[in-house]
Amino acid sequence: MLLLAVDLVLIPKIYSYLQKQRTNKILTTISPWQIGHCSRQIAMAMLQFPQERLTPQQLLVFEHGNSMHDRYQSYFEKMGILVAKELPLNSKSENKWTSHQCKILRIRGRTDAVVKVDGVDYIIELKSAKDKSFNNMKRYGPYESYRDQLQLYMFLTQIKNGLILVENKDTQELAEFDFDYNEDHSGRLVKKINTINDYVMNLSLPPIEFKADSFECTYCGFKSICRQKDVEKYIKENAVWLQVLLKAQTHPDYFKYRKEGA
Ligand code: SF4
């Protein structure tokens, strides 16, 4: 006999816990994982625009991604190839170059892992994908947004070799894609970051760059407000609080760097 609970005891508590975990982070900085996405979307997140709530299923998909990271970090550690799991990328990073770049670009995040294989260091980007998407990547290569993320990690750490490791969620098949550091590519990303920061620090938004029916807009948490006529009203109403928050989360080196027009 099937005994499916009618008055749910545990599931609502799990969903509410996951939702709370996500809404606890109030950051006006840029996370490297965002970099391949819409500039306006990144700026809206930095300026704390209210996002559409993720469904419980979407929250669990994110958690699944996180647990994949833990699993592979543990494999790398046991294989004896792990150099660092989740290398911090922020103004307090031990590596001086990384710390400086994070200050002047207002970046805060972490890598998935760094491994050493046959004497070579690699930045690792871990992804999981459904069967269709996995096979598309095998055919055409990883999504541009994944490549952007990896190039940004390589730029910030100065580790010149990168691998994107993708696990098929339906079959557990693996695919790996290797990339060398590309200065032109990272230069374009730095330019994009500076532009986004300029908008955010001026309490404004970059223009719309995607069509409403595009993939990017369809899955964007700001799609219901992005095209509203008075979209920047939210910023005006919260300007004082936002300015305090931005100042608190910006290193003095950032202002020096932008003043010099770098
Ligand atoms: S709705 Fe589209 S254009 Fe607007 S922020 Fe989201 S992704 Fe960008």
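**View 1. Helix H6 (residues 144-157) packs against helix H7 (residues 183-201) at an angle of about 95 degrees, with the axes 9 Å apart.** The model is predicted: local features need pLDDT of at least 70, side-chain atom pairs count only at pLDDT 80 or more, and totals for chains, interfaces and linings use all residues. Residues are numbered from 1 along each chain as its sequence is written. Helices (H or I, at least four residues) and strands (E, at least two) are DSSP runs, numbered from the N terminus. Axes are lines fitted to C-alpha atoms, for helices over the stretch in contact; angles run from 0 to 180 degrees between N-to-C directions. H6 and H7 are therefore roughly perpendicular to each other (65 to 115 degrees). Asp148, Gln151, Leu152, Met154 and Phe155 of H6 meet His185, Ser186 and Leu189 of H7. Contact means C-beta atoms, placed from the backbone, within 7 Å. By class, this contact has 4 nonpolar, 3 polar and 1 charged residues. Ala, Val, Leu, Ile, Met, Phe, Trp, Tyr, Cys and Pro count as nonpolar, Asp, Glu, Lys and Arg as charged, and the others, Gly among them, as polar.

**View 2. The largest nonpolar core has 42 residues.** Such a core is a set of buried Ala, Val, Leu, Ile, Met, Phe, Trp, Tyr and Cys residues joined through C-beta atoms within 7 Å. Buried means that 20 or more other C-beta atoms lie within 10 Å of the residue's own, all placed from the backbone. Ala43, Ile123, Ile124, Leu150 and Leu156 have the most contacts inside this core. Among the elements that each supply at least two of its residues are H2, strand E5 (120-129), H6 and H7. H6 gives the most, with 7 residues.

**View 3. Helix H2 is largely enclosed by the rest of the structure, because 7 of its 8 residues are buried.** The buried residues are Ser39, Arg40, Gln41, Ile42, Ala43, Met44 and Met46. Their cover includes H7 and H9. Ala43 touches Ile196, Tyr199, Val200, Leu205 and Pro206, not counting residues up to four places away in sequence. Gln48 follows H2, with a positive phi near 60 degrees.

**View 4. The shell around the ligand draws on helix H2 (39-46), helix H8 (215-218) and helix H9 (223-226), each with at least two residues.** Of the 13 residues around the ligand, Cys38, Gln41, Cys217, Cys220 and Cys226 come nearest. A residue is near a molecule if its C-beta atom, placed from the backbone, lies within 6 Å of it. H2 supplies the largest share, 3 residues. By class, the shell has 8 nonpolar, 1 polar and 4 charged residues.

Definitions and conventions: Angles under 35 degrees count as roughly parallel, over 145 as roughly antiparallel, 65 to 115 as roughly perpendicular and the rest as oblique. Two residues are in contact if their C-beta atoms, placed from the backbone, lie within 7 Å. A residue is buried if 20 or more other C-beta atoms lie within 10 Å of its own, exposed if 12 or fewer, and partly exposed in between; C-beta atoms are placed from the backbone.
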